[in-house]
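Let's take a walk through a protein model together. Keep the structure turning in your viewer while you read, and stop whenever you want to find a residue for yourself.

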Amino acid sequence: MSAEIIIETLNYVGIIAFAISGALKAGEKGMDLLGFLTLGFSTALAGGIMRDVLLGRVPPVNVVYLPYPLTALTASLLAFFLYPYVKRFKDYVLYPDAVGLGAFAAIGADITANYCPAHGVHNCWLTVIMLSALTAAGGGVVRDVLAGEIPVVLRREIYASAAALGGLVYLVASPLGREAAMMATIAAVTTIRIAALTRGWELPRVKRETP
Amino acid sequence: MSAEIIIETLNYVGIIAFAISGALKAGEKGMDLLGFLTLGFSTALAGGIMRDVLLGRVPPVNVVYLPYPLTALTASLLAFFLYPYVKRFKDYVLYPDAVGLGAFAAIGADITANYCPAHGVHNCWLTVIMLSALTAAGGGVVRDVLAGEIPVVLRREIYASAAALGGLVYLVASPLGREAAMMATIAAVTTIRIAALTRGWELPRVKRETP
Amino acid sequence: MSAEIIIETLNYVGIIAFAISGALKAGEKGMDLLGFLTLGFSTALAGGIMRDVLLGRVPPVNVVYLPYPLTALTASLLAFFLYPYVKRFKDYVLYPDAVGLGAFAAIGADITANYCPAHGVHNCWLTVIMLSALTAAGGGVVRDVLAGEIPVVLRREIYASAAALGGLVYLVASPLGREAAMMATIAAVTTIRIAALTRGWELPRVKRETP
């Protein structure tokens with residue numbers, strides 16, 4: 001199986017897992033069917049949409065390449081009708097979600113790193129890191145904002161930071177070729193995310209002010 | 001009166017009704033004059049702006065075609081100075097709002113359906129449906145997020161879903177010509193929305209979790 | 001020292017002050033290091049990013065011109081590690097913040113006013129005013145939304161309105177040349193903002209409804 005097929009498969013794993021995470025949040029808030037579809041779609045695809053808008057790649061692939069929105073919307077629809085079961089097994093979704101985080105970070109890094117030289121942008125490393133994190137974690141931020149919550153990735157989880165580190169891994173590994181760099185990114189991000197989940201790693205933070 | 005004039009007139013009805021809905025939310029939250037202008041503008045025009053950004057139609061017509069922002073800002077300003085009266089009659093705004101929902105959905109469908117073949121996008125039906133809903137309901141989502149609330153369209157109202165159905169009506173009716181398809185869309189969306197309002201229709205939803 | 005150098009220097013003052021304001025909000029909410037970086041970056045640069053996306057200037061300068069994101073991220077990082085000190089002196093940040101508000105409004109006005117004729121947009125005055133306010137105050141709106149709060153600029157401060165007035169000053173002063181118009185804008189916005197701060201000026205608002 002070629003690297004390309006593996007990466008695209010993991011991308012779909014991510015779309016489905018992210019959509020379920022959006023649907024679970026919609027259920028937690030008592031939303032209706034449209035809320036499930038919107039949060040599922042946004043969690044899975046809004047990060048990539050924001051990346052594409054910032055790079056001028058419009059219309060964004062996540063809007064017009066039908067398999068992506070159809071996968072996200074179908075997963076959200078199924079999560080709506082099977083909500084009691086999905087909710088009961090929600091901790092298991094964290095593992096495909098970690099795989100999807102890696103795939104999204106790798107795809108975001110790859111798109112950005114190849115966009116820059118083609119558009120005369122020099123010194124692209126910070127943009128690669130930022131857009132890896134945006135591709136992978138932007139959807140979760142939109143999900144939480146639409147749910148009326150402070151985005152969890154800003155508060156305590158090693159999530160967007162794992163994706164940002166993935167952008168760095170891509171840059172370091174890019175002399176090995178695009179596909180190898182993407183595979184290395186996926187492996188690094190997924191490993192860090194699962195380690196953070198199982199060991200309770202968190203980023204440092206300041207003590208919350210008493211109001 | 002030509003269909004074009006009718007559609008543009010209903011578009012202005014929508015801009016005014018949506019701006020008032022934004023201004024009412026600003027008043028409910030005790031915002032100042034700038035809050036009224038921002039929420040009025042956003043409710044009326046942010047959906048179309050997001051559609052245009054996603055399609056690469058920049059600068060968005062809602063930003064640079066002066067009659068649109070001037071209408072939205074003037075309606076918001078009047079709603080500020082006449083706030084006690086506007087608040088008292090706010091239930092009547094729901095009817096022009098329903099008309100505007102139909103006009104916005106029809107315009108969003110028409111723009112997207114004509115954009116796709118001109119830009120080599122095949123299989124555009126889902127994009128038409130999604131961007132109809134975004135054009136018509138996106139402004140209300142921005143309004144609620146800026147007001148610190150979970151968007152009402154995600155929770156219980158037949159609103160964005162009526163607009164999405166309007167995108168489908170446009171596609172089915174499009175062999176009749178653009179203007180006929182738009183008129184059919186407006187009629188369908190407005191009828192569904194008013195029926196939902198008067199009969200209390202809602203989309204299905206899951207039972208809210210106890211926190 | 002040329003006007004260009006003064007304006008660019010004040011722009012950096014703004015980036016640093018805005019990033020610190022974002023970091024302070026992150027600290028107030030008990031966010032982690034990534035939250036500090038995200039809110040610092042967004043407060044300083046999201047307004048200009050939204051302006052550039054609306055004008056089709058992609059990728060936005062705030063994303064790909066490294067000195068801007070590096071300055072914002074470095075200021076946010078320092079504010080994280082020196083948080084107790086930054087918090088203690090936070091009232092002093094309001095003065096460089098007012099200078100930055102002026103610089104951002106002037107830059108937003110200048111970019112928009114020069115964009116319009118080059119892209120065949122007539123009657124650009126309202127767009128100049130709106131995009132001055134968006135450039136200067138859009139980042140603060142994103143900061144507050146990410147922090148789960150109703151944006152303060154919509155509720156009580158003379159902030160976005162000072163920036164909008166700056167757009168008007170730019171237009172009136174533009175016969176004097178671009179640099180003179182920008183300097184006049186910075187002077188006007190900064191003066192109004194500091195006067196509003198020290199004298200407690202506020203925009204009119206309606207009485208908050210009892211819930």
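Let's start with a cysteine in chain B. B:Cys124 has a relative accessibility of 13%, so it counts as buried, since the cut-off for that is under 20%. One thing to keep in mind as we go: this is a predicted model. What is B:Cys124 joined to? Its partner is B:Cys116, and the two make a disulfide with an S to S distance of 1.8 Å. B:Cys116 is buried too, because its relative accessible area is 2%. In case the word is new to you, a disulfide is a covalent bond between the sulfur atoms of two cysteines. Look along the bond between B:Cys116 and B:Cys124 and you'll find 45° about S-S, which goes with a right-handed link.

How many disulfides are there over all chains? Searching the whole structure turns up 3. In chain A, A:Cys116 is joined to A:Cys124, with 1.8 Å from S to S. The torsion about that S-S bond is about 50°, so the disulfide of A:Cys116 and A:Cys124 is right-handed. Are these two cysteines buried or exposed? A:Cys116 is buried, at a relative accessible area of 1%, and A:Cys124 is buried as well, at 13%. Over in chain C, the sulfur atoms of C:Cys116 and C:Cys124 sit 1.8 Å apart in a disulfide. Here the S-S torsion is about 50°, so the link between C:Cys116 and C:Cys124 is right-handed. C:Cys116 has 2% relative accessibility and counts as buried, and C:Cys124 is buried with a relative accessible area of 13%.

In soluble globular proteins, nonpolar side chains tend to be buried together. The largest nonpolar core in this model has 222 residues, and those that touch the most other members are A:Leu45, A:Leu101, B:Leu45 and C:Leu45. Helix H6 of chain B, residues 90-118, supplies the largest share of this core, with 12 residues. Leaving out residues up to four places away in sequence, A:Leu45 touches A:Ile15, A:Asn62, A:Tyr68, A:Pro69 and A:Ala72.

Next, how do helices pack against each other? Stay in chain B and find helix H2, residues 33-55, whose axis comes within 7 Å of the axis of H7(B), with a crossing of roughly 135°. The crossing of H2(B) past H7(B) is right-handed.

H7(B) also meets helix H8 of chain B, residues 160-173: their axes come within 8 Å and cross at roughly 140°. H7(B) and H8(B) are therefore oblique to each other, and they cross in a right-handed way. Among the residues that meet here are B:Trp125, B:Val128 and B:Ile129 in H7(B), with B:Leu168 and B:Leu171 among those in H8(B).

For one more pair, go to helix H1 of chain B, residues 3-28, and helix H4 of chain B, residues 67-81. Their axes come within 8 Å and cross at roughly 40°. That makes H1(B) oblique to H4(B), and the crossing is right-handed. B:Tyr12 and B:Ile15 are among the H1(B) residues in this meeting, and B:Tyr68 and B:Ala72 are among those in H4(B).

B:Asp144 lies in helix H7 of chain B, residues 125-146. Which is it, buried or exposed? At 1% relative accessibility, B:Asp144 counts as buried. Apart from neighbours within four places in sequence, B:Asp144 is in contact with B:Lys25, B:Glu149, B:Ile150, B:Pro151 and B:Val152.

The other one is C:Glu157, in the loop between helices H7 and H8 of chain C. C:Glu157 counts as partly exposed because its relative accessibility is 22%. Setting aside residues up to four places away in sequence, C:Glu157 touches B:Asp32, C:Val152 and C:Arg193. C:Glu157 and C:Trp201 are 44 residues apart in sequence, while their C-alpha atoms are 7.8 Å apart in space.

Definitions and conventions
Residues are numbered from 1 along each chain as its sequence is written. Chains are lettered from A and ligands numbered from 1 in the order in which they are written. This is a predicted model: local features need pLDDT of at least 70, side-chain atom pairs count only at pLDDT 80 or more; totals for chains, interfaces and linings use all residues. Side-chain values use heavy atoms; hydrogens and water are left out. A nonpolar core is a set of buried Ala, Val, Leu, Ile, Met, Phe, Trp, Tyr and Cys residues joined through side-chain atoms within 4.5 Å. Buried means under 20% relative accessible area, exposed over 50%, partly exposed in between (1.4 Å probe, protein chains only). Helices (H or I, at least four residues) and strands (E, at least two) are DSSP runs, numbered from the N terminus. Contact means heavy atoms within 4.5 Å. A disulfide is a pair of cysteine sulfur atoms within 2.5 Å. Axes are lines fitted to C-alpha atoms, for helices over the stretch in contact, and angles run from 0 to 180 degrees between N-to-C directions. A crossing is left-handed if the near helix is turned anticlockwise from the far one by less than a right angle, and right-handed if clockwise. Angles under 35 degrees count as roughly parallel, over 145 as roughly antiparallel, 65 to 115 as roughly perpendicular and the rest as oblique.
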